[in-house]
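Biologist: I would like to learn how to read the contacts between chains in a model. Could we go through them one feature at a time?

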Amino acid sequence: MTAYITRRLIYGLFVLVGVNVFTFALFFFVNSPDDMARAQLGAKRVTPEAVAKWKHERGYDKPLFLNEKSTGVAKLTDTVFFEKSAKLFVFEFGASDQGRNIGYDISTRMWPSLAVQLPAFIIGLLVYISFALLMAFFRATYLDFWGVVLCVLMMSISGLFYIIGGQFVFGKLWNLVPISGYDTGFDAIKFLALPVLIGVISGIGSSARWYRTIFLEEISKDYVRTARAKGLSETRVLFRHVLQNAMIPILTGVVVVIPLLFMGALITESFFGIPGLGSYTIDAISQQDFAIVRVMVFLGSVLYIIGLILTDISYTLVDPRVRFS
Amino acid sequence: MMPFIVEWLWSDALVWLLVVAAIGFALYTRRHPHLRAPWARVARSASGMAAATVLAAFVLVGLMDSLHYRAALPQQGGKTAYATEVRSLLDRVLEPLRLTREKTYSAPLATHLYAKETVQLQDGTEARVFPRLRHGGAHLKDPQADWCLDVAMKAFRGLTFGLLLWFVVAIGICAAVARGRDAGIEMVWRDAWAGRTEVPWRAVFCALGLLCILIGPVAALAPYYHVLGTDKVGQDVLYQALKSIRTGLVIGTLATLVMLPFALVLGLMAGYFKGWVDDLIQYLYTTLSSIPGVLLIAAAVLMMQVYIENHAELFPTTEIRADVRLLALCVILGVTSWTGLCRLLRGEALKLREMEYIQAAHAFGVSHWRVMMRHITPNVMHIVMIALVMDFSGLVLAEAVLSYVGVGVDPSMISFGTMINSARLEMAREPMVWWSLAAAFVFMLTLVLAANLFADAVRDAFDPRLIVGGRS
Amino acid sequence: MSALLKVTGLSTLICGGPLPVRAVDGVSFDIAAGETFALVGESGCGKSMTALSIMRLLPEAGEIAGGTVELAGENLLALPESRMRDVRGRRVAMIFQEPGLSLNPVMTVGAQIAEAVTRHTALTGAAVEARVLELLDAVRMPDARRRMTEYPFQMSGGMKQRVMIAIALACDPDLLIADEPTTALDVTVQAQVLELLRELQRSRGMAMLLITHDLGVVAQMAQRVAVMYAGEIIETAPVDLFFAGPAHPYSRKLFESLPDRAGRGKTLAAIRGTVPALTRQFTGCRFAERCDSALAHCADTIPQWGAVREGQRAKCHLYGSDERGVMSDERGEASAERGVMNDERTSPRETAVRSSLITHHSSLLQVEDLQVHFPIRKGLLQRVTGQVKAVDGVSLEIAPCRTLGLVGESGCGKTTVGKGLLRLVAPTGGRVLFDGTDLLTLKRSALRGRRRHAQIIFQDPYASLNPRVRIGDALEEGMLALGVGATAEERATRIDALLAEVGLAAEVKGRYPHEFSGGQRQRIAIARALSVEPQLIVCDEPTSALDVSVQAQILNLLKRLQRSKGLAYLFISHNMAVVEYMADEVAVMYLGRIVERGTVAEVLRNPRHPYTQALLSAVPVADPQAARPVIRVAGDLPSPLNPPQGCHFHPRCGAALPQCATQFPDEKTFSASHATRCHLYDRA
């Protein structure tokens, strides 16, 4: 088991190297730093001097892989690749193109993100599973039919409309919560309530329907018939047997996103003015701050790989077949 | 001389290529009973057929918007010059909507602007009034008195025309069915309404009827009014909504199409050859899928933006630039979403390679290439088909979000995302401007819902047991 | 005698497709307390649906359309669902065919048994645990206390079925429904489970409804039997009368189509045609169009029950009165004899081919010390830590025009031998000499040239044809790949000839596999193998997925082809009777090694190895009078991952000697052909 997890960790590291090389290629080969400088400076102010200055201030003027001018190890370390890419592995994120300390920004901004994402995730999971169980319990009845219709309808609505509609109804029409903003401490609740609620609602359609499919798949299996042949009631069959088995496929999809909760939700945060990593990323994109985008890409992959490993571990907890092999 | 020259944008070429491929595939399917069978099951699904009817209307609009041309300018001397703007057939049809620009916001079917303006009255004094629209309801002498009746009359005429059209089409369908069945039209008509036909024509007729009832009045009113109002710069919202359809369709179809060859070849190779080929391909898609989708798209689109800005000379007109950007977005969306299909196909190929008919082929010494082409590929096509239709709605929805984030289509290109993006602050405005959002909402919901329902029908028909989702 | 269970006019519809399927159509029978009643029939005849209808556990598309099911006078079909739940598991319990799928994979078996106990009794805590232990002991689960805390995947198939039985017994039900309880098990394990069921039933005075397709199992287990065909019961009888003289023409055909040693020279009786679709309404006898003794009015008059003998009744027009029944009996025998005569009439040419090949006694295929090992990788670096020795030094020899039967239980490596010698899996050692050339050292391209000489037929007729390839194209594939038939016309003519040879019309070329039944598909698979004119065909369980009547057709076909084309077969099977019917020589495999080989007569009538003896004694014989002692084999097949030292069989062997545990015995020969590997014969 430990050997397996260790192997997965090493594999994850390899994947990160791949991600790193890929992003480096994307950012430094598709366009040269000169192109980026020109794009950043805007057409009016492009002069060779301004470009050179822009590059020098941000360390993009070094050679990509091998610095012939330096000596010793510095030949390799005093390069764009080492400074901008390799250092990501030790979480040295450096400065953004605007000169901000990215590491500091991330450490302060991930908490508001988590404050929105974690409750939305937990409440969402409970709601989706309950809704799906309800549909599975009343399968092949009108309740199930209209439940599925509702799901398909809800998953056909863009997430943007949930946010706009929610802000309009709860914020503007009923004045229950402020439309946007953020506060620290206990006061944050009034700012968080709406984003969390909308986060849950916008996911109902696809998740509940998918979980329902999983439940129905399990219900059609032979061991369920055995359970019924014992004389167990349908509720007991559902909760004791079906739910436990269905958790295995559900976990695969769910555990992997847990670490990614830190990354925040792009759209929600920007609409609600929550100072999290999501809105940080959006701002970076709109300001064309390549350094931040690169760091976020890397961070996202790190969290995803942690998620994969967590998934592997969680398997051993719920599935005895994995635990004992 | 020609009154216009056809301008093939890249995305047009691909769209029409897709249409040709679809027709070819349909003809091929017709001749093969085992390929026809699942489609016959799709045709038996009422919701699927109703959704298909609605989708067909959308596709029609999208295709009309994919025939671009440049009109000839008034002749000067012997040479014919052509306009620099690229217009589509849809633009031509919707000319009354496109050209009737107002100053700023106006409500649906309004005759006056939505904002007060200071105008000089005839007696020389100034007053804050809602000025008359330049085009909307301009034919009315006394809007207060005539508006209601005029709208009602025109709507009723449109409705009548719509119903007539519906009846003609429905009878046409019945006649076609009757010819195939060697029965009377009336008989088919009655069977269809009683739900006795194999294909649920009743659902098709209902969907078609609903469309006609909506389109008739709108078409009758549109030349005289802004049926869905105008936006901040006075552009007709209905026009925008109709133009958005093509963007949605192109992204929804081309993105999957772009990734298909990669997913198919790599997925099957990984599953069939196993060993190091499998390791390599798995590594490739784990790496790509480990980057959160939005970020990967954002990074790639940013880079593309910089590239386009720095190579402006390659893209002479805004249309071409917007089109290239649209295609690039499709490619990027495709790259980020191929991993899921690749994984599915790999799993299926792993299962298939152990099948006994493939062992039998090996016993004949049939080459790997032939085994893959003949025995494996045809047996995974149902998965590909399901993935194609299932991904469509997700991609249409993704476009809206990406355009909002600023990494979607070119801001000059009309799409659901750009519509929502420019309209999102209007809800906070006093008095509220709701029609842009509402139009985007209704059009998008209809398109995505129809796509979802159709996708469900296809999935059920092709493989009821396949759970789509799983490890992403 | 008063009936415990009385089923009257039970009808069940399955409404999944465009037309409802009348899976059970007016079935009536009754079971007395303490009696074992067998419901026998081929797949799709509705026997499982009958059982599920009694339990009211039908799949969601199923629906009981009529009839009553009375348990001790109470109509179960009229009970509300909550009351029915009190019946399930308490008064009527059920065990299913697939023990591997019928247990919850993520619950310990103890918990699953306990659940059945607590549901119907007031026991709690330690009392429940005591009861679970008692039940596990009752089903003879070794090491019950430890096994309680294990999960199903940690157990073998036989043990899982014991757990299922323990669950069923939890509340001492009055009636146990056993739906194909041993079909998924190997024959030695089947013998254990059947014996267990028989004892439990006897000691507890429990009634049992046994559902099976295996007449041998019926003969050993049941007191009364009912034969089902196409949704209805067509014959019921006490077991001894039934086996002494089956009355319905269908029942008789079932017996005649069973392969056995007595029928070696003969063609087996096969039932022509296929089971009619159950979507249609029947106006006559359901069997009429396949029946050899059909009368004029069989097709348009539904037969009523007719008495044959005391307690034996058949739904057949032949039994309107007793005299006619006797008459038809004679007729049946006469036709059977005719069958024998037909078979012995081999054409002179065939005889010539056969004899010339037999006298030419050099071997066609010689396998020496074949090994197929699969590496096991473990740990951080995925180092190879061991080998699964699926095939561990197997030597075989097949002469032209002869059949070598390779028998063994599942997991013994017999299929891997077949695939290994065709290099469909890569062997790790040994030599496969085909006409003197070692196939294992050939390069891929050189091997291709040899491929046409040896072909293979598989077990699953549904997996052996690509659903997307037309029959004609499937037959042409091998010819194209191996360059048989120079032109398209030549190949087309060959395809027609091949199809005719396997008894199919030439028109089927243009059709797709889904239009064919299992037996027809197997014929197509045979034609495909024949398309490149092989000298040897590896038949990998070619009939084990088929019903007996269809099996008979395929076996007949294989025999005929062997005679006319001088084919050699490597016939891999777990079914002793089939091997006995088909093979000239037999090799018995156990855990990757051959433990005994010889001619059919030597090995199957005078087995020397204890494993062969046990295997043979465990096969249920379709004769209730055959009182043979079953040699009990302890435990289950060990994992090939970690086989026992020395003789692989010694932990399960009743006659094991000390040296069995340490060294693998050498081969002892008893005649030119008969040899075994067992220390018991060391002195000889």
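**Reading the interfaces**

Modeller: Across the interface of chain A and chain B, the rule finds six residue pairs in polar contact, both residues being at pLDDT 80 or more; a polar contact is a pair of N or O atoms within 3.5 Å, where within protein one must be able to donate a hydrogen and the other to accept it, and residues adjacent in sequence count only if both atoms are side-chain atoms. This is a predicted model, in which local features need pLDDT of at least 70 and side-chain atom pairs count only at pLDDT 80 or more, while totals for chains, interfaces and linings use all residues. Residues are numbered from 1 along each chain as its sequence is written, chains are lettered from A and ligands numbered from 1 in the order in which they are written, and side-chain values use heavy atoms, with hydrogens and water left out.

Biologist: Which element gives the most to the side of chain A that touches chain B?

Modeller: Helices here are DSSP runs of H or I with at least four residues, and strands are runs of E with at least two, numbered from the N terminus. Helix H14(A) gives the most to that side, with eleven residues.

Biologist: What area is buried between chain A and chain B?

Modeller: The size of an interface is often given as the accessible area lost when the parts come together. Buried area is taken with a 1.4 Å probe and summed over both parts, and for chain A and chain B it is about 4,700 Å², of which carbon and sulfur atoms give 71%. In terms of contact (heavy atoms within 4.5 Å), 54 residues of chain A meet 54 residues of chain B.

Biologist: Which residues form a salt bridge between chain A and chain B?

Modeller: A salt bridge is a side-chain nitrogen of Lys or Arg within 4 Å of a carboxyl oxygen of Asp or Glu. The rule finds one across this interface, and it joins A:Arg209 to B:Asp456, with the closest N and O atoms 2.6 Å apart.

Biologist: How many residues does the contact take from chain C and from chain B?

Modeller: That contact takes 30 residues from chain C and 24 from chain B, and the two chains bury about 2,300 Å² between them, 53% of it on carbon and sulfur atoms. In chain C, the residues that lose the most area to chain B are C:Asn466, C:Arg468 and C:Glu477, together 29% of what that side buries. C:Glu477 also meets B:Arg374 in a salt bridge of their side chains (3.3 Å, N to O).
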